[in-house]
Amino acid sequence: METLFNGRLSIEVSAHGAELCSIFSNGKEYLWQADPAFWKRHSPVLFPNVGKTYRNTVLINGIQYPTAQHGFARDNEFRCISSGKGK
């Protein structure tokens, strides 16, 4: 879990799926806290597609590629490569 803070709010991001797990500011949590009794995820990254594609494929430059429901990002591991003040 990666935590980022800018003096006003903090966020927590899971390496699994780069999923935003917390948005916290002024003593208040602003994001669903993933109660597994209802839904175990917080805020999954749905990339490159939301939902299903026709016949589970996409056509790019004449080539068909397989796709899964909601893409691949939510089920892969990510790592933070940079965090700091923006320009």
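Analyst: **The salt-bridge network**

Salt bridges join R41, R74 and D75 into one network. Keep in mind that this is a predicted model: local features need pLDDT of at least 70, side-chain atom pairs need 80 or more, and totals for chains, interfaces and linings take in all residues. Numbering starts from 1 along each chain as its sequence is written, and side-chain values use heavy atoms, with hydrogens and water left out.

What's the idea behind such a link? Side chains of opposite charge can pair when their charged atoms come close. To count here, a side-chain nitrogen of Lys or Arg must be within 4 Å of a carboxyl oxygen of Asp or Glu. That rule gives 2 salt bridges.

Take the pair D75 and R41, with 3.3 Å from N to O. D75 sits in the segment after β6 (63–66), while R41 is in the loop between β4 (28–29) and β5 (57–60), so this bridge ties together parts that are 34 residues apart in sequence. (Strands are DSSP runs of E, at least two residues, and helices are runs of H or I, at least four; both are numbered from the N terminus.) D75 also meets R74, at 3.7 Å from N to O.

R41 is buried at 17%, and R74 is buried at 18%.

Together with F38 and W39, W32 makes a nonpolar surface patch of about 390 Å². Patch residues have over 30% relative accessible area and no salt bridge; nonpolar side chains (Val, Leu, Ile, Met, Phe, Trp, Tyr) are joined within 5 Å, like charges within 9 Å. The areas come from the Shrake-Rupley method with a 1.4 Å probe, and for residues only the protein chains shown count as cover.

There's a ring contact to look at too. The whole structure has 1 aromatic pair: F47 and F72, edge-to-face, 5.9 Å centre to centre with 80 degrees between the planes. F47 is in the loop between β4 and β5 and F72 in the segment after β6, so they link parts 25 residues apart. (Rings of Phe, Tyr and Trp, using the six-membered ring for Trp, pair if their centres lie within 6.5 Å; under 30 degrees is stacked, over 60 edge-to-face, the rest tilted.) F47 is partly exposed at 48%, as is F72 at 45%.

How many disulfides are there? The search finds 0, where a disulfide needs two cysteine sulfurs within 2.5 Å. The sulfur of C21 is 14 Å from that of C80, its closest cysteine sulfur, which is too far for a bond.

As for confidence, mean pLDDT (the predictor's confidence in each residue, from 0 to 100) is 90, and 97% of residues reach 70 or more.

Definitions and conventions
Buried means under 20% relative accessible area, exposed over 50%, partly exposed in between (1.4 Å probe, protein chains only).
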